[in-house]
Structures are given as C-alpha cells and as structure tokens.
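Let's walk together through the place where two chains meet, going from the overall interface to single residue pairs.

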Amino acid sequence: MRRSLVAVLLIVVLVTLAFAIPAAASSTRRLCARSVALRDSPEGFVIGRLYRPQRLRYKRRSANRRWALVRTRAGVAGWIPYRSLCRA
Amino acid sequence: MLELRRQTADDQALIDAFRDGDDAAFARIHERHHAALERYARKVLGRGSEHAEDVVQEAMLRASRALRRDDRHIELRPWLYRLTRNCALDELARVRTDSVNVDDAEEWGALRAPAASEPDAVVESRGNVRDLLGDLAGLPAQQRHALLRREVDGVSHAALADELGVSPQATKNLVHRARTNLVKQRDARSSDCEAVRGDLLEAHDEGRRASAATYRHLTTCADCRHFRAGLRATRRAAAILMPMPLMVVAVGLLTGKAAAVTAKGAMVKSAATAAAGVAVTAGAVGVGVQVFGPGEPAPQSATSRALPAGELAKGKQVPAGTAMVRKTVALGRSGAPTVTLPCPAGTRVADLIGARGASASYVRGTVVGVSHSATVLVQPRPGSQTTSAVVTVLCKRPDRTGSIVAGRPQGHAAGGVTLHVKVRSAELFQRPGGAAVGSVRLGQPVRTGGAARHGWRKVTTDTGETGWVRTRVVG
C-alpha cells in the first residue's frame, strides 16, 4: 500500500516537473506591436525589423522589466520592448 | 412566406395602377415601404435620421420616374432597397468629398468608438473611416450592394439572391470578392512607397508590368504616381539619345556621307552607353546594390548609435566614416530570400536601418561591428501582397578600440582596461547570476574597472551598459 502511494506521488512529481521546467525556460509569444526593431542589446544596434503577426520564442525579461529577450523563428536572438509582446 | 407572396402580389398591383395614371397608388407604395427603407438607409449612413429621410425621398423620386418610363417587370421591394442603397452611397460620397470634414465630424457615432479615446487613436479611426468609404465606393456595384446588405443589414444569402436575381452561391462569391477587394485595397494603401517604387523600377528594368498590388497602391498614392510618370519620362528621354540606324543610313545614302554619319551615330551611342554606365557606377539605378558614402545624400532617415548625431535625416549628407548600403529584394513565393550587402572597405556592419515592406533580420553569421558584409534574411509580412522590399544597412568604420559607436570618449577610465568579447553572444547580468540587463556580442569592446567575483567580471560596454559577465566571455 505504502509502496504504491510512493509510486503515485513520484509520478505526479515527475509529470509536474516535465511541464513546469520548459514553461519556465521559454515560451512562445506573439508580437502585438505593428512593427518593432530587434536589437542586439537594449541600448545596442538594430539587427532586425519585425512585423506582426509573428511568433517569437520568449526567453527572459530584463532587470528593469522594459525589455524582452526573444528568438525569432529564423534563430536570431535579440531584445525588443516588452510591451510590444501580446499579453500571455 | 405566404405573407411575402401576398405582399409581392399587392406591390405588383400597385405598380400597374401607378403606371395606369393612379398617383394614389404610389402614395400607397411609399406608405408601405418607407419606414423599412429609412431604417436601411440609417444603417448604411450610420448617422442622423434626417439624412436617411432625404435619401429615401430621393430613392422614391427616382422610383416614380423609373416606373413610368417603361413597363418592364420589377420586383418592387428589392428594387427599392437597391435604389435606397445607391442614394445612400451617393450621400456618403458627397459627404466624403464636399460638405463635411470627417476630422470635424464629432457627431459621427462611428468615429466616437469607445476604444478611440486617445487623440492619435481618434485620428487613426477617422482615417480608417475615410479610407473605408473610399474603398467601398470603388467596389463594383453588385459587390458593394451584396456586402452592404450582408454586413449592414444582416440579410441572408437567400434573400440577397432573391434581390439580385442570382443564386445564393453567387451572392456568397460576391460578398467574398468584395471583402477580398477591401482587404487588398487596404494592404495596397498601407504598403511602403519604397517597396512599390522598387517594384516599379524592377518592372521598368525588365520590361514587364508591375504587380497588381503595386497598381492598387498607385491608385491611392499621388507621390508614387508621380514617380512612375518620372520613370516614363526618363525612358522617353533615353530613347531620344539612341541613334536610329535606318535613319542614319538613309541620311548617309542621301548625302553620300554614309560612313561618316554612321561613325557619328556610333559615337552618340557610345556616349549614351557610357553615361548609363556612369549612372550605374554611381548607384543611381535602383537595381542592384546601392552605396551612399560620406557626403552623399542619405536615401532615407536613420537612427543609430553609429551616427555622430544619433540620427540622420533623409537627404542630409552621410557623415564621414559611415555608409548606407541598400538593395531592392524581390519577394518570391519560393521562400524567404537572403540578400548580402557588402560594406565599403574599412567599414563594418552596424544597424539594419530598414527593410521596408518585409520583416528582416541579420542571419546568425552576421556580427555587428565585426562583419564586412551583412547577410539579411527577408520575409514577406504575413498576408501582405508586397512583391519587393528595400533593405538598407548602415556601415561604420570602427575606432581604434574596435567600437562602432559614434562620439564615444576614446580614453579609458582610471585603472580600467579595454577587453573584447570572445564569444558569439553572451548575456550581461545585473549581478553575478542575477537578472539580465543586456547582451554582448563577439568582438565588442568592453571596459572593465577590475571588479571581479568568482568567475565573474564587471564590465561597461561601448554602448554604455554596465553589468556582469562570466570571466571566460571577455579577454
């Protein structure tokens, strides 16, 4: 009885981790701004011009919470204003 | 259904009586239909009832004249709706072009959308209404009627088919085509002038017609029409430069100086070819890569950390040590094209200034501040009909530290040293292991004041961002 209870708990924990870890690492977000410049750094150079609708891999938010580090479908990573992303 | 048939039969009897000279019969027609027609007109007009009444009066006047003009069979009710719709559209067009300034029409309910509380949103909303009216007026009559009856009046396809005398499937096609045309028209209006001109230049060069999207844009853009007229004038002028061999030979035969005149013709042709060659060399022709070096007028405005003033207005001289390189790219259906733009000798890739008409980004191998040429992946905007895009890259000569940031102090901070990023890309952290504040890229010069913690180093980038990177990132 105790052994089966442990097994069930273990499965629940594993399933939870399997879903939780990728979600925390990155997620797919849509671009809501009409157009936005993709920069190599928040204060850096423009390395791309993106237009909506476009799906982006959202990686993280800057310390001042104004910028988002994203990766385009073409594999280019850069920073865009966080508010240009659609709300999750 | 039975009621409708009975009403139709009554209408036919009233038409016959009116055509026989009984004016009271028309008064009866008016009494029977005017309320529904006013409701319909009000929906089309979207504003005050006094205009709806005027529209219905005008429609009734036209109906009375038309009914006595001949004896053809008329389905009265749908026919009156069509008349009312035409009169309402005439009224909208009159309002749009003559009497009411949309920008001043505060009483327009449609312009007071709840979401449009911000001034710029209100202006945009008014512009959208103005453009939509223009697009509706430009639709073929049947498409316009079908769309308005479906969208505004909510009429079923079966009833609409009855009105128009076509099958329900045909009305669906009409509404579908009308919607498609409105979308295409809106896209054409919003497409970038640079991209349209690029397409015109390519079509001109290849001796073919420009795309349908370009022609749609031309109907709404006077500047681009002027540009096309300029292209045609240039072609005519160029034709004058060309020697006409048959005429030259004829003149030569007549004067007995065929050899001399032919030689002269050859010289004229050579001069024209040479002039064209110079134009191409100078980058004056829109096909291929164009380079705008220091002192030349900038082809478009730009904002960049690589520019001394941080920005450059269109037409102003490109500053020393910088260049703008651009190319028009055809957007085929076969996938996203890449285009390579080489920077002039001694300069490095800086900002991607513009990719008008498409999404674009440097491919992974292109590194800002390091690469001598930029390879750009260009992707058509989803749903866009644009067939070409103009890609522009800013190039900058690096300073002695390798930075392409303009106006940066050349000296180092006291006790600090300049290092360079050794990895392709790394993140800059607020504190070791903390939140990210930015990124650094391969070859980027960073200044370090010596602050370090186990495996971490505090740096300031040439763009002024300060943060921590792992020690192995710089060297």
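**Where chain B meets chain A**

Between chain B and chain A there are two salt bridges, a salt bridge being a side-chain nitrogen of Lys or Arg within 4 Å of a carboxyl oxygen of Asp or Glu. One of them pairs Asp40(A) with Arg441(B), whose closest N and O atoms lie 2.9 Å apart.

Before going further, please note that this is a predicted model, in which local features need pLDDT of at least 70 and side-chain atom pairs count only at pLDDT 80 or more, while totals for chains, interfaces and linings use all residues. Residues are numbered from 1 along each chain as its sequence is written, chains are lettered from A and ligands numbered from 1 in the order in which they are written, and side-chain values use heavy atoms, leaving out hydrogens and water.

Now step back to the whole interface. Here 34 residues of chain B are in contact (heavy atoms within 4.5 Å) with 25 residues of chain A. The buried area is about 2,300 Å², with 52% given by carbon and sulfur atoms; this is the accessible area (1.4 Å probe) that the two parts lose on being put together, summed over both.

Across the interface, 16 residue pairs are in polar contact, both residues being at pLDDT 80 or more. Such a contact is a pair of N or O atoms within 3.5 Å; within protein, one must be able to donate a hydrogen and the other to accept it, and residues adjacent in sequence count only if both atoms are side-chain atoms. On the side of chain B that touches chain A, the elements giving two or more residues are strands 6 (348-356), 7 (358-362), 11 (425-429) and 12 (436-441) of chain B.

Terms used: Helix = DSSP H or I, 4+ residues; strand = E, 2+ residues; numbered from the N terminus.
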